[in-house]
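Subject: Structure handover

Dear colleague,

Please find the structure below, with the sequence alongside. Some notes on what was found in it follow.

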Amino acid sequence: MFSSNRFIQLICVIMGLLFISIDVAIGQTREKPNVLFIAVDDLKPMIGAYGHDQIQTPQMDKLASEGVTFMNNHTQQAVCGPSRASLLTGWRPDKTKIWRLNVMIRDKNPDVVTLPQHFKNNDYITAGIGKIFDKRSVDKDHDKRSWSLSYRENMPDFYLEEYGEPFVHYQSTEVKKKAQKYMEEAEMEGLNGWERKAYAMERIKPSTEMLDVPDEAYLDGLLAKRGQELLEQLSENEKPFFLGIGFKKPHLPFVAPKKYWDLYNRDDISLSKWQKHSQNGPDLAYHRFGELRSYTDIPPAIGDDGLVNREKQKELIHGYMATVSYIDTQVGKLMDKLDKLGLRENTIVVLW
């Protein structure tokens, strides 16, 4: 679909590991277009643009309606770091040699040119916040060569005073108190820094959280706010910009303000009717949900099927739906800011 006869506008949506959607408005402009690259972690193609109406995603649906949606796309490596390394270098995993987490992209490919680095090399200002690369595959500056502006300095370093900094993902007072107790225990055992948090997270790490708080009480709301500030800052420069904003949800844990949970009735959530292994199905075809089992409110796998009970299944699905709508709202905030700054017509928007 064409939103202008003068400009090329690209909208690319890659939901989770399953799909890509690109919106291209055809035309030409004398100026180089800006690029707003939005990454959304673990987002399935279960939005209106893909024919699903259970989850409310009006902002992403609107974005997709203005462009092109790719309907048959697949991840090349279903692990976060390798998948992002592949997309952001344009190389397949068998070429990057990144097949698992905790492998540095530049250890294997010291001279590879990343997507933001390419724009930087072509006289763009590049900036990024949130989860663009997987932090386990890049240096502490989120691949310093890729960015004109310091990635670490761009990251939001403030939280709403009345709620304070969360314990990793959580704003719950109860969770914070328990976490503090466990971190004090860890310190008495000689653990410091991240080791203290890891010790606490082994003991208190809920899979969901629903609190009546503003969007900015959690990191993704802050990323949207900081993203709007960066758009304003970059719009004042004569050079075009590439801005990457990476949201963390709907990746586990499913934490989002209560108003997004309230969009859905848990009683309306239906579960799979088949809750068993298939007859004579090979063990290799099944797993025990290892990542999910790392959360302290998920019971250990019992028996051969390792199923989570139905009540918890509904809670998790409810949480996923809430976090998707939460992120959808943050996307809308960024698009509104583009409009207010008069940047929309000369900005390529990529939602991955």
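In which helix does K333 lie? K333 is part of helix α12, which covers residues 310–340. Please keep in mind throughout that this is a predicted model.

**Overall make-up**

The protein has 352 residues, and 49% of them are buried. Its secondary structure consists of 12 helices and 8 strands. Of the contacts with a separation of 6 or more, 69% are between residues 24 or more positions apart.

**Around D215**

Setting aside neighbours within four places in sequence, K333 has contacts with D215, E216, A224 and Q228. With D215 there is also a polar contact, side chain to side chain, at 3.0 Å.

Y260 sits in helix α10 (residues 258–261). Its relative accessibility is 6%, so Y260 counts as buried. Apart from residues up to four places away in sequence, Y260 touches D215, A322, S325, Y326, T329 and Q330.

**Helices α9 and α12**

How do α9 and α12 pack? Helix α9 (residues 219–235) meets α12 at an angle of about 10 degrees, and the two axes are 10 Å apart. The two helices are therefore roughly parallel. On the α9 side the contact is made by D220, G221, A224, G227, Q228, L231 and E232. On the α12 side the residues are Y326, I327, Q330, K333, L334, K337 and L338. By type, the residues of this contact are 6 nonpolar, 4 polar and 4 charged. K333 belongs to this contact, and A224 and Q228 of α9 are among the residues K333 touches.

**Helix α8**

Helix α8 spans residues 194–201, and its buried residues are R196, Y199, A200 and M201. Among the parts that cover them is α7 (173–188).

**Salt bridges**

How many salt bridges are there? The count comes to 21.

- D41 and R84 form a salt bridge in which the closest N and O atoms are 3.6 Å apart. D41 is in the loop between β3 (34–40) and α1 (58–65), while R84 is in helix α2 (residues 80–89), so this pair ties together parts that are 43 residues apart in sequence. D41 and R84 are both buried.
- D134 pairs with R136, with 2.8 Å between the closest N and O atoms. D134 is buried, because its relative accessibility is 2%. R136, at a relative accessible area of 35%, is partly exposed.
- R344 and D339 meet through their side chains at 3.3 Å, N to O. R344 is buried at 11% relative accessible area, whereas D339 is partly exposed at 41%. Salt bridges with shared partners join R344 and D339 with K62 and E66 in one network.

**Backbone details**

Where are the cis peptide bonds described here? One joins K249 and P250, with omega about 10 degrees. Another runs from L252 to P253, with omega near -5 degrees. P250 is in the loop between β6 (241–247) and β7 (254–257), and P253 is likewise in the loop between β6 and β7.

For D123, phi is near 70 degrees. D123 is in the loop between α5 (115–121) and β4 (125–130), and is partly exposed with a relative accessible area of 43%. For H142, phi is near 60 degrees. The loop that holds H142 lies between β4 and α6 (151–154). Is H142 buried or exposed? H142 is buried, because its relative accessible area is 4% and the cut-off for buried is under 20%.

Regards

How values were computed: Residues are numbered from 1 along each chain as its sequence is written. This is a predicted model: local features need pLDDT of at least 70, side-chain atom pairs count only at pLDDT 80 or more; totals for chains, interfaces and linings use all residues. Side-chain values use heavy atoms; hydrogens and water are left out. Helices (H or I, at least four residues) and strands (E, at least two) are DSSP runs, numbered from the N terminus. A polar contact is a pair of N or O atoms within 3.5 Å; within protein, one must be able to donate a hydrogen and the other to accept it, and residues adjacent in sequence count only if both atoms are side-chain atoms. Contact means heavy atoms within 4.5 Å. A salt bridge is a side-chain nitrogen of Lys or Arg within 4 Å of a carboxyl oxygen of Asp or Glu. Buried means under 20% relative accessible area, exposed over 50%, partly exposed in between (1.4 Å probe, protein chains only). Axes are lines fitted to C-alpha atoms, for helices over the stretch in contact, and angles run from 0 to 180 degrees between N-to-C directions. Angles under 35 degrees count as roughly parallel, over 145 as roughly antiparallel, 65 to 115 as roughly perpendicular and the rest as oblique. Ala, Val, Leu, Ile, Met, Phe, Trp, Tyr, Cys and Pro count as nonpolar, Asp, Glu, Lys and Arg as charged, and the others, Gly among them, as polar.
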